[in-house]
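Student: Before we discuss any labels, could you show me what we are looking at?

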Amino acid sequence: MGAPSALAAAGQDVEVSSEPALLASLHEIAPKCCRWEPRTLGALIDEAALKDAYKLSLIAVHPDKLGGDATAEALELATAAFQTLAEAHARDLQAAQVS
């Protein structure tokens, strides 16, 4: 199975492709053990803020950083979120190089 959308893994029928939108909605699907602080889209307009939020999001949802009390469901959801964020970042970088 390929890397599912984090939102689809959470049972939501939504496809999000932009990195800022993923980061702004991450708090809705991230397991509680991730300790992710919600961000608004407005807070992610600045490129430096977006870069910082992206780095922090990868730490927050990295499967190896969840701790021993994470459930199997939390681990699966964090893995899906991590992969989805990495894919969105790669797409955004590729789009920036093309334009």
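The dialogue below takes the labels one by one and sets each against its definition.

Tutor: This is a predicted model, in which local features need pLDDT of at least 70 and side-chain atom pairs count only at pLDDT 80 or more, while totals for chains, interfaces and linings use all residues. Residues are numbered from 1 along each chain as its sequence is written, and side-chain values use heavy atoms, with hydrogens and water left out.

Student: How many helices and strands does the protein have, and what counts as one?

Tutor: The protein has four helices and zero strands, and its elements run α-α-α-α from the N terminus on. Both kinds of element are DSSP runs numbered from the N terminus, a helix being a run of H or I with at least four residues and a strand a run of E with at least two.

Student: How do you know that the span of helix H4 agrees with its number of residues?

Tutor: The expected span is 1.5 Å times one less than the number of residues. Helix H4 covers residues 72-98, so its 27 residues should span 39 Å, and the end C-alpha atoms are 39 Å apart, which agrees.

Student: What makes H2 and H4 roughly antiparallel?

Tutor: H2 and H4 pack at an angle of about 170°, with their axes 10 Å apart, and an angle over 145 degrees falls in the antiparallel class, so the two helices are roughly antiparallel to each other. In this contact Glu19, Pro20, Leu22, Leu23, Leu26 and Ile29 of H2 meet Leu77, Ala81, Thr84, Leu85, Ala88, His89 and Asp92 of H4. These residues divide into nine nonpolar, two polar and two charged.

Student: And why do H3 and H4 receive the label roughly antiparallel?

Tutor: Their axes come within 9 Å and cross at roughly 155°, and H3 and H4 are therefore roughly antiparallel to each other. Tyr54, Ser57, Leu58 and Val61 in H3 meet Ala78, Thr79, Ala81, Phe82, Leu85, Ala86 and His89 in H4, and the residues of this contact divide into eight nonpolar, three polar and no charged.

Student: Why does Ser57 count as buried?

Tutor: Buried means under 20% relative accessible area, exposed over 50%, and partly exposed in between, with a 1.4 Å probe and protein chains only. Ser57, which lies in helix H3, has 0% relative accessibility and therefore counts as buried. Leaving aside neighbours within four places in sequence, Ser57 is in contact with Leu23, Leu26, Trp36 and Leu85.

Student: What makes Ile29 buried?

Tutor: Ile29 lies in helix H2, and its relative accessibility of 5% is under the limit for buried, so Ile29 carries that label. The C-alpha atoms of Ile29 and Leu77 are separated by 7.8 Å, although these residues are 48 residues apart along the chain. Over the whole protein, 33% of the 99 residues count as buried.

Student: How do you know that Arg35 is exposed, and what is its phi?

Tutor: Arg35 is placed in the loop between H2 and H3, and at 66% relative accessibility Arg35 counts as exposed. Phi of Arg35 is near 55°, a positive value in a residue other than glycine. Most residues other than glycine have a negative phi.

Notes:
Axes are lines fitted to C-alpha atoms, for helices over the stretch in contact, and angles run from 0 to 180 degrees between N-to-C directions. Angles under 35 degrees count as roughly parallel, over 145 as roughly antiparallel, 65 to 115 as roughly perpendicular and the rest as oblique. Contact means heavy atoms within 4.5 Å. Ala, Val, Leu, Ile, Met, Phe, Trp, Tyr, Cys and Pro count as nonpolar, Asp, Glu, Lys and Arg as charged, and the others, Gly among them, as polar.
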